[in-house]
Amino acid sequence: MTLLPSLPETISRARTDLRIGLPVVIDGNLAAAVETLSPERLAGLRALGRPVLVLTARRAGTLKVPAYDGDLARIELPEGADVAWLRAVADPSDDLRVPLKGPLAARRDAEDVTPHRAAIALAKSAQLLPAVLLVEAPAGEIPQGLTRLPAAPVIAQLAAETVLSPVAAAHLPISAAERTRLHILRPAAGGAEHYAIEIGDPPRDRPVLARLHSACFTGDVLGSLKCDCGPQLHAALNAMGAEGGGVLLYLNQEGRGIGLANKMRAYDLQSQGFDTVEANHRLGFEDDERDFRLGAALLRQLGFGAVRLMTNNPRKVEMMQSHGIEVAERVPLIVGRNPWNDAYLAVKRDKSGHML
Ligand SMILES: Nc1nc2c(ncn2[C@@H]2O[C@H](COP(=O)(O)OP(=O)(O)OP(=O)(O)O)[C@@H](O)[C@H]2O)c(=O)[nH]1
Ligand SMILES: [Zn+2]
């Protein structure tokens, strides 16, 4: 291990840089997150060349801008475009109040957009709006002291962040089972930690009752009626306690991987009439940004090879099976329905294929 940062460590630094408003350097381009960009740094980027606003095809689609790069759109900045203009284009919260944001001209020249793709992937990984400003800096004019990253390896690394190291574990009596052990595991690249809640004596020689539970602060902690996460969490723990053994993976993939701030943006859009999928798309995200390979890696790391998976989401079953975990049974987990989440559950059933 040299004293210099590895690629995962550099990515970890880059996430923080983007979140505090610093640009990063990707293959000679400076890239900054629109969400945290200051007027001074916008001026600094403009002094280097002609910045372009990079959006995902999902966000571009809601703005009626063609995504000539397939999954991305590179939008020219009109004269005088300031931080407020950039934010209004990137953030959909005002789309209905200020519907016309254009005209927006998208670049269609065949430049290599790998740096643009890496910048968007980093913004998503930093749980920021997936909108970045990118400018090619003339050689020799890249400011010293900024985090530098290679585009293609960043994309590959972000897609493969499933290596976790156990950090600590302890006995934690909970109401569902007094013999419970909480494990904390940390990814190599310094991203969010994830937890494994081991109930009783979960068998490793036969399919174990298991659940991959995605963090939901609003549901798990505040008892939100907008979703079914809280009741699912406690029903799963209680079932494992009653059975004398099970494992619940608590994956920090809040908001189906977009983070709590973006989930609250999505909730605000939902209060304007969009459904959960439309809201994610309007923000520039996919329906579901989670990487369930994490769950399979965690189960294997804890010595489990076969599960009876408590879920209504067939995609979780498929992902476990395709990543080496035998799913002997899908155990339905239909709880917590109420008038506030009826429509949400219906969208999960009708648009995301959940078995509800
Ligand atoms: N972006 C977004 N995320 C949501 C919304 N409602 C709940 N979530 C998140 O969705 C995740 C839970 O995923 P769900 O789709 O409800 O259920 P699932 O985990 O895929 O499937 P089950 O195993 O059956 O629970 C949690 O991370 C929640 O924070 C929403 O309206 N928008
Ligand atoms: Zn929830």
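Predicted model: local features only at pLDDT ≥ 70, side-chain atom pairs only at ≥ 80, totals over all residues.
Residues are numbered from 1 along each chain as its sequence is written, chains are lettered from A and ligands numbered from 1 in the order in which they are written, and side-chain values use heavy atoms, with hydrogens and water left out.

**View 1. Residues around ligand 1.** The shell around ligand 1 holds 23 residues, and R290, T311, N312, K316 and Y344 are the closest. A residue is near the ligand if one of its heavy atoms lies within 4 Å of it. By class, the shell has five nonpolar, eleven polar and seven charged residues. Ala, Val, Leu, Ile, Met, Phe, Trp, Tyr, Cys and Pro count as nonpolar, Asp, Glu, Lys and Arg as charged, and the others, Gly among them, as polar.

**View 2. Polar contacts and cover of ligand 1.** Oxygen atoms of ligand 1 lie 2.7 Å from a polar side-chain atom of R290, 2.8 Å from a side-chain N or O atom of R256 and 2.8 Å from a polar side-chain atom of N313. A polar contact here is a pair of N or O atoms within 3.5 Å. Of the 650 Å² of accessible area that ligand 1 has on its own, the protein covers 99%. Accessible areas come from the Shrake-Rupley method with a 1.4 Å probe.

**View 3. The largest cavity.** Ligand 1 sits in the largest cavity, meaning that more than half of its atoms lie within 2 Å of the cavity's grid points. Elements giving two or more residues to the shell around ligand 1 are β10 (208–214), α9 (260–271), α10 (276–283) and α13 (342–352). The largest cavity has a volume of about 390 Å³, the space filled by probe spheres set on grid points joined across faces, edges and corners. A cavity is a set of points, on a 1 Å grid over the protein atoms alone, where a 1.4 Å probe fits but cannot get out, and lining residues have an atom within 4 Å of a point. The lining comprises 28 residues, with C229, R256, R290, Y344 and K348 nearest the centre. With four residues, α9 gives the most to this lining. Helices (H or I, at least four residues) and strands (E, at least two) are DSSP runs, numbered from the N terminus.

**View 4. The second largest cavity.** The structure holds two cavities of 30 Å³ or more. About 30 Å³ of space lies in the second largest cavity, which is lined by D228, I334, V335, R337, L345 and L356. Four of these lining residues are nonpolar, none is polar and two are charged.

**View 5. The largest pocket.** About 1000 Å³ of space lies in the largest pocket. A pocket is an open set of points with protein on both sides within 12 Å along at least five of seven lines. Its lining has 36 residues, and A121, K124, S125, L158 and E289 lie nearest its centre. The largest share, five residues, comes from α5; α1 (7–20), α3 (57–62), α6 (151–158) and α11 (293–301) are among the other elements that each supply at least two.

How values were computed: Polar contact = N/O pair within 3.5 Å; in protein donor to acceptor, adjacent residues only side chain to side chain.
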